[in-house]
Structure formats: structure tokens, C-alpha cells
Amino acid sequence: MVMFMQSLKITDCHCDTIWLMGKENYNFGRRNPTGHLDLPRLQEGGVGRQFFAVCTAPLQDCGHLHLALKQIADYRRTLSLHKEYMQSLEQQEDLAVAEDRGKIGALLALEGAEPLEGSLGLLDIFYSLGVRVLSLTWNHRNSFADGVGEEQSAGGLTRAGRALVREMSRKGIILDLAHIARRCFFDALELTEGPPLVSHANIKNLCNHPRNLDDEQLKALAALGGVIGMSFYPAFVAGEGEASLDQLVDHFIYAADLIGVEHLAFGSDFDGVEKTVSGLEDAAAYPALISALLEKGFQPAEIDLIAWGNVERILLANLSQERPR
Ligand SMILES: [Zn+2]
């Protein structure tokens, strides 16, 4: 079992660490006393692939484009400073190259399409800056879609939203359906060509939170070969108060029974939440989660799929083969 733990590589489908990268008191290259994630803790936790989200929606009502570009600049500077250990994953061949070189693969995500300012015209720019994962909205309404925060008034995808999903499929940008309202969720599934991702959410039948997925959504996601990254946010795992590792593992068990382990992954939400599951305090703590999964009966081969193989399948199916010209 020790051998299995040492050889296992982890993929995390969502963190919000980029907003820290521009701060003076944060240094990605060393272990920071606060926050959840930096290079030493990724290495200690056995993380081999990390999604990094640019998220502007909760921060302000305007200036999304400026803020997104600033965050992408901070991210690219960070990767460049640590290029010995980190590599941007932008097309299929990058996956193997990063692995061969023993580097941590980094995926750039846009969490909420507000920086596109309502049109597809800027998508090429974000693509050329490395964005390969995109969620149409955060919790609110924008030109493309409604978020879960719109509650009963939420509708389906707008015309621009439908065009955006089609264009993402054409370009090889992964559709991320975390945060999106239910009707938009199903609209987007009808339009996407590549298997979709829900980068950070949990199971509604175990924890009735608007950000979690119900059984019908989980089945529809799985039917397209999609994957859900289980978040470590206590409010999604157990509602109010603390959440334990065992309670988090219950979400994996439920989803594995309903749709199969081929559709599960990790989506920590590190540095995007004020609290995490007890015992899973930061990116160095993945071995504790792996132990808990093993204890509850998941087989090593199943854990390997959850930790690595399932998201690799999504990446290979979505990312383009060729470097953009
Ligand atoms: Zn989020």
C-alpha cells in the first residue's frame, strides 16, 4: 500500500490560488503559513496536475476584463518563475511532455465568462493566453448563462451562451458546468461535443446545497463521459459546521454507486474557501484522503481513476492535438 501511495499522482480540477499570486505576502515557490496551496505543498501532496481558476465575478461588478488579464499575467509569471517544476498544459502532447519531465501540469481556467464581455470576440485572446477550461458563469446572470444564485428566476442559455459552448467545442476548451443554473446545465450538455467537467461540486442527495448536483444531473453528466470533481468545502459536503473526511468519502461512495467511479475526480476549491474538510487542510494532505477512500473499500485501481485517469480522459478528449498557429 505504501508503494501505491507513493506512485499515485493527483489531479485537482479547481483551485483559486491565482488571486494570491499577485499578493506581496504570498510566494508560490515556498511554503506559505496561510492559504492552501503552493509548490512545496503540491509536491508533498503528490499533485501532478492542477487546474488554476481566474475568477473575477465575486470581486466586482465591472472591470472583469482588466482583472482577468491581471490574474493571467500573475499566473503566467508564476509558472515562468518555476518552469523547472511547472508546465502549462495547452494541447494533448503537453500531458506526456510534463509527465516525462516530472513537472506538475497546470491548466488555466476561466471561472465565469464575464471577462469576455458578452461576445465571442475575445475568446481567441484568452485561448492564446492558455485558457483551456471555461465556465459560462459564476453564481449570477451574465450575457451567456444564469448561475445557481438566480434560483427560481434562472432560465436557459442565451443565444450568446449557446454560441459560446459550440465555439469552445470547436477550439478544444473544456466546458466546466460548476456554478451554472440547472436549466443552463442541461442546455449546455445538449450542445457540447467534448465530455464536460463539473470542476468543484458535490452530491445534492447527501447535502442539499444549490451548488450540488442532483441525481438527474449526475446521470446526464456521466452519459456524456463527463466527470465531477468533488469539492472539499464543508458547506457542500455536510451543510453547516465542520465536515469530516468520512463525510466527504460518502459523496464518492454515493456517486460511484449511481454513475460509476469513471466519472469522479477531485475539485478541492483550495484558496477559494475559508474552511476545508477536517484532516484535508491543504494540498499536502491528499494522502489522508486516499487513506480514507481505501479504508471505505475503494480499490487502488479505482482510486487511480479518480485521482488521475478520469480527468486525463477529459483532457485528451477535449484538448486539440496541434499547437495553435
Ligand atoms: Zn467556484
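## Helix α7

In this predicted model, Arg-159 and Arg-170 are exposed on one side of α7, whereas Gly-161, Leu-164, Val-165 and Met-168 of that helix are buried. Viewed down the axis of α7, the buried residues fall within an arc of 100 degrees and so line one face of the helix. The elements that cover these buried residues include β5 (131–135), β6 (174–175) and α8 (182–191).

Helix α7 comprises 13 residues, 159–171, which at 1.5 Å a residue should span 18 Å, and the 18 Å between its end C-alpha atoms agrees with that expectation. After α7 comes Gly-172, which has a positive phi, near 90 degrees.

Strand β4, residues 104–111, is largely enclosed by the rest of the structure, because eight of its eight residues are buried.

## Pairing and crossovers

Strand β2 (residues 47–54) runs parallel to β4 and is joined to it by six bridges, with Arg-49 standing opposite Gly-105 of β4. Strand β3 (residues 86–88) is also parallel to β4, through three bridges, and Ser-88 has Ala-106 of β4 as its bridge partner. Between β3 and β4 the chain passes through helix α5 (residues 92–100), in a β-α-β crossover that is right-handed.

Four bridges pair β4 with β5 in the parallel sense, and Leu-110 has Leu-134 of β5 as its bridge partner. Together with helix α6 (residues 123–128), β4 and β5 form a right-handed β-α-β unit.

Note on methods
Residues numbered from 1 in each chain as written. Predicted model: local features only at pLDDT ≥ 70, side-chain atom pairs only at ≥ 80, totals over all residues. Helix = DSSP H or I, 4+ residues; strand = E, 2+ residues; numbered from the N terminus. Expected span 1.5 Å × (residues − 1). Buried ≥ 20, exposed ≤ 12 C-beta atoms within 10 Å, placed from the backbone. Arc of directions from axis to C-beta. Contact = placed C-beta atoms within 7 Å. Pairing = 2+ DSSP bridges. Right-handed = clockwise from strand over helix to strand, strands pointing away.
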